[in-house]
Amino acid sequence: MKEIKLRIKSVQSTMQITKAMELVASSKLRRAKDRIERTEPYFNIIHETLSTIAYGKRDFTSPYVEPREEIKKICYLMIAGDRGLAGGYNSNINKMLESHMKKHGKPVCVMPVGKKAVDYCQRRNLEILTEQYSIVEDVTIGNCFEAAHFLADEFRKGTYDELYIVYTNFVSMLTQNAAAMRILPIPYEKSEAKDDLKSLVLYEPSPEAVFNAVVPEYISGIFYGALSQSWASELAARRTAMDAASKNASDMIEDLSLKYNRARQGAITQEITEIVAGAEH
Amino acid sequence: MSVFHLTIVTADGKYFDGDAQRIIARTIDGDVCILANHTPYLTALGMGECRVTGSTGETRRAACIGGMLSVVDNEVNLVATTFEWAENIDVSRAERARKRAEALINQQHLDARDLELAQAKLKRALTRINVGK
């Protein structure tokens with residue numbers, strides 16, 4: 001009986017923790033969703049403009065658009081969480097990166113964002129570019145610009161030949177998808193609408209200059225957008241996981257208290273039987 | 001005066017979304033002024049003052065740093081790294097940033113990258129101070 005009582009106590013305290021984590025995650029999630037909404041127009045406009053120029057760029061060359069002939073090294077910008085207890089959030093990102101690396105089979109270097117990402121890279125002995133951004137929650141838009149300039153410089157220097165970002169897409173409160181997206185060289189889609197446009201646009205001072213000035217901006221825009229998405233995903237995943245954990249805990253408590261009451265009742269019945277038996281003699 | 005639709009966004013959100021008569025911005029190549037029915041156009045922005053004249057003719061000033069300006073179909077998009085309306089600029093904070101940057105630059109043992117960063121900081125602070133005053 002004492003054992004059951006102890007067990008109920010321990011489950012109760014676990015439940016308190018999971019409940020608290022769930023509440024913290026939901027309140028942070030609200031802010032994270034606001035952030036996604038705020039950044040979305042910026043993200044969309046910059047992406048659209050860049051892919052339009054990249055597509056219409058046939059009359060100039062830029063190191064940021066030309067695919068390189070030989071891909072010697074791939075760089076990954078990996079965004080994971082700072083903490084565990086978020087269901088499959090971190091392991092999904094790890095799996096995504098793993099399968100991507102396997103598919104391409106090239107040497108890689110990683111710029112991990114988030115403690116779990118750093119841990120993962122150290123465990124796997126991957127080359128780490130910088131650990132400056134190891135705490136997701138603290139990365140500001142200014143940090144994104146810094147990182148983007150750094151990444152663009154390294155790309156031009158030829159430290160790596162392709163840049164991918166591995167992050168988690170926030171689809172809804174219940175669904176988050178890990179995704180890998182190519183940032184450099186800049187991908188572009190063909191479309192009829194853009195065909196008419198490309199010949200007309202006037203670039204000042206020149207397409208190259210505009211392009212090269214805007215690319216770091218573009219990278220940091222994508223970085224910040226992906227960061228917002230990942231952050232919201234992490235919180236949503238944690239909320240769902242903690243919600244399930246709290247439910248399991250309350251089920252367990254119910255089960256255990258039933259057992260406890262039965263045992264108690266059993267003990268009382270036994271005592272009464274013993275007393276009655278004693279009185280009869 | 002005819003108007004065009006102007007959107008000003010940064011990663012922090014939208015700063016302007018509506019009709020405007022005119023916008024003047026500092027590009028990497030000097031100041032430009034965009035009026036309605038401009039030809040399709042794209043340029044990268046430098047650091048400097050940006051003036052927006054709204055549909056009723058009133059002009060607002062802002063400090064605009066980095067980003068790009070595009071014109072397509074009488075739609076103007078200004079995508080900035082940072083954008084602050086003059087009335088929202090904290091001049092004393094910018095002054096402090098200027099002093100810090102100047103102190104950094106005056107140190108002898110800076111490497112090229114740090115010097116560049118400090119100079120960029122100084123320029124940003126100066127832009128803010130000029131617009132904020």
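A:Leu202 stands opposite B:Tyr41 in strand S4 of chain B. The structure is a predicted model, in which local features need pLDDT of at least 70, side-chain atom pairs count only at pLDDT 80 or more, and totals for chains, interfaces and linings use all residues. Residues are numbered from 1 along each chain as its sequence is written, while chains are lettered from A and ligands numbered from 1 in the order in which they are written.

The pair A:Leu202 and B:Tyr41 belongs to a link between the chains. Strand S6 of chain A (residues 202-204) runs parallel to S4(B), and three bridges join them. Strands (E, at least two residues) and helices (H or I, at least four) are DSSP runs, numbered from the N terminus. Two strands count as paired if DSSP finds at least two bridges between them.

The contact between the chains takes 24 residues from chain A and 22 residues from chain B. Here two residues are in contact if their C-beta atoms, placed from the backbone, lie within 7 Å. On the side of chain B that touches chain A, two or more residues come from each of strands S1 (4-10), S2 (13-27), S4 (41-44), S6 (59-72) and S7 (75-85) of chain B. That side divides into nine nonpolar, 10 polar and three charged residues. In this scheme Ala, Val, Leu, Ile, Met, Phe, Trp, Tyr, Cys and Pro are nonpolar, Asp, Glu, Lys and Arg are charged, and the others, Gly among them, are polar.

Chain B is divided into domain 1 (4-87) and domain 2 (90-132), with bounds from an automatic or database domain assignment. Their C-alpha centres lie 25 Å apart. The contact between them takes eight residues from domain 1 of chain B and seven residues from domain 2 of chain B. On the domain 1 side, strand S5 (47-54) and S6 of chain B each supply at least two residues. S6(B) gives the most to that side, with four residues. The domain 1 side divides into five nonpolar, one polar and two charged residues.

The largest nonpolar core holds 99 residues, of which A:Tyr76, A:Met78, A:Ile79 and A:Phe223 touch the most other members. A nonpolar core is a set of buried Ala, Val, Leu, Ile, Met, Phe, Trp, Tyr and Cys residues joined through C-beta atoms within 7 Å. Helix H6 of chain A (residues 207-280) gives the most to this core, with 18 residues. The core also draws at least three residues from each of domain 1 and domain 2 of chain B.

Strand S4 of chain A (residues 162-170) is largely enclosed by the rest of the structure, because eight of its nine residues are buried. A residue is buried if 20 or more other C-beta atoms lie within 10 Å of its own, exposed if 12 or fewer, and partly exposed in between, with C-beta atoms placed from the backbone. S4(A) pairs in the parallel sense with strand S1 of chain A (residues 74-79) over five bridges. A:Met78 stands opposite A:Val166 in S4(A). S4(A) also pairs in the antiparallel sense with strand S5 of chain A (residues 176-184) over eight bridges. There A:Tyr164 stands opposite A:Arg182. A hairpin joins S4(A) to S5(A) through five residues.

A:Arg262 lies in helix H6 of chain A. A:Arg262 is exposed, with 11 other C-beta atoms within 10 Å.
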